[in-house]
Amino acid sequence: MTRRVAVVGGGSSGLACIKCCLDEGLEPVCFESSDDIGGLWRFKENPDPDRASIYHSVIINTSKEMMCFSDFPIPAHFPNFMHNSLIMDYFRMYADHFQLTKHIRFNTKVLQVKQRSDFSHSGQWDVETENKDGKKEKHIFDAVMICIGHHCHPNLPLHDFPGIDTFKGTYFHSRDYKTPEEWRNKKVVVIGIGNSGGDLAVELSRVAKQVYLSTRRGAWILNRVGDNGLPLDLLFDRSFNFFWKILPYGFFCSLGERRLNQRFDHSLYNLQPKHRYWPQHPVCHLLSLFFSLFALYSPQLVEADGRPS
């Protein structure tokens with residue numbers, strides 16, 4: 001008897017899981033709460049509640065050589081770092097090629113997943129779902145794969161901002177940002193220097209009257225493109241793992257920090273973080289774009305305290 005597997009979510013991970021189940025002779029049933037595949041990478045002007053959402057200009061920081069599915073290369077004419085619309089095109093190609101969508105139940109929410117009363121013997125799960133018409137169903141599966149990602153709920157710690165109740169301007173999470181035009185000729189504070197914070201600050205700097213980028217501890221700013229025009233993550237994959245095993249950790253940190261400070265002095269822009277190069281996630285940007293943002297700042301403005309978005 002074929003073992004049935006519930007796959008919760010039809011984004012990039014959900015599609016890969018459906019494919020893997022089929023390869024192993026399993027029977028996958030994917031439940032996707034929206035009407036389409038793509039998950040995080042599907043841009044919507046008005047995102048659904050409790051769903052991840054991106055802004056219109058998002059370009060992925062992972063090269064196509066490193067992000068593609070191993071059994072389905074990204075087309076050669078696609079750029080190394082793809083716009084979100086091209087990522088969606090690739091997912092559709094992948095799903096069509098392996099006929100994955102016929103295993104997906106769209107507009108179907110998973111309400112509950114729990115072990116069956118005889119789980120210690122059967123290893124089976126009870127899964128309750130609800131479709132867009134409100135019809136609820138109960139299913140039995142031999143395994144469950146959760147593929148809903150971790151960007152569904154925005155972190156907006158308003159309690160950390162005294163006086164926010166009387167603030168007369170507009171405040172919101174980056175999840176709700178879509179395009180820069182409505183901020184033309186306005187003053188904007190972007191709180192947090194993660195990849196989204198950096199992206200939004202650069203984009204807003206082209207239309208806003210003034211942009212402030214607020215960070216508690218700075219960040220190391222990397223270029224997406226490495227030596228000789230090759231994607232940086234591709235260069236790491238080729239040589240990094242070997243040298244990491246034989247050279248001291250501190251040597252790697254010093255080497256990376258020195259290289260980044262040769263591009264621009266992080267301390268000059270109050271971006272020098274207290275942590276070393278490797279312990280925290282770096283910020284990946286095309287530095288030519290990032291420098292257009294720095295041109296708007298005096299060094300004192302970058303030091304304001306804030307929370308990561």
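How many bridges join strand S5 and S6, and in which sense do the two strands pair? In this predicted model, S5 (residues 125-131) pairs with S6 over six bridges, in the antiparallel sense.

## Antiparallel sheet

Strands S4, S5 and S6 make up an open sheet in the order S4-S5-S6, with antiparallel pairing. Strand S4 (108-115) and strand S6 (136-141) are the edge strands, and each pairs on one side only. From one strand to the next, the twist averages 25°.

Within the pairing of S5 and S6, Glu130 stands opposite Lys136 in S6.

## Parallel sheet

A further open sheet has four strands in the order S3-S2-S1-S7, and its pairing is parallel. Strand S3 (104-105) and strand S7 (143-146) each have a single partner strand, so one side of each is left without a neighbour in the sheet.

Strand S1 (residues 4-8) pairs with S7 in the parallel sense over four bridges. Ala6 stands opposite Val144 in S7.

## Packing of H1 and H3

Helix H1 (residues 12-23) and helix H3 (residues 84-97) have axes that come within 11 Å and cross at roughly 15°. Because angles under 35 degrees count as roughly parallel, H1 is roughly parallel to H3. The crossing of the two helices is left-handed.

On the H1 side, the contact involves Ser12, Leu15, Ala16 and Lys19; these meet Phe91, Tyr94 and Ala95 in H3. By type, the residues of this contact are five nonpolar, one polar and one charged.

Terms used
Residues are numbered from 1 along each chain as its sequence is written. This is a predicted model: local features need pLDDT of at least 70, side-chain atom pairs count only at pLDDT 80 or more; totals for chains, interfaces and linings use all residues. Side-chain values use heavy atoms; hydrogens and water are left out. Two strands pair if DSSP finds at least two bridges between them. Axes are lines fitted to C-alpha atoms, for helices over the stretch in contact, and angles run from 0 to 180 degrees between N-to-C directions. Angles under 35 degrees count as roughly parallel, over 145 as roughly antiparallel, 65 to 115 as roughly perpendicular and the rest as oblique. A crossing is left-handed if the near helix is turned anticlockwise from the far one by less than a right angle, and right-handed if clockwise. Contact means heavy atoms within 4.5 Å. Ala, Val, Leu, Ile, Met, Phe, Trp, Tyr, Cys and Pro count as nonpolar, Asp, Glu, Lys and Arg as charged, and the others, Gly among them, as polar.
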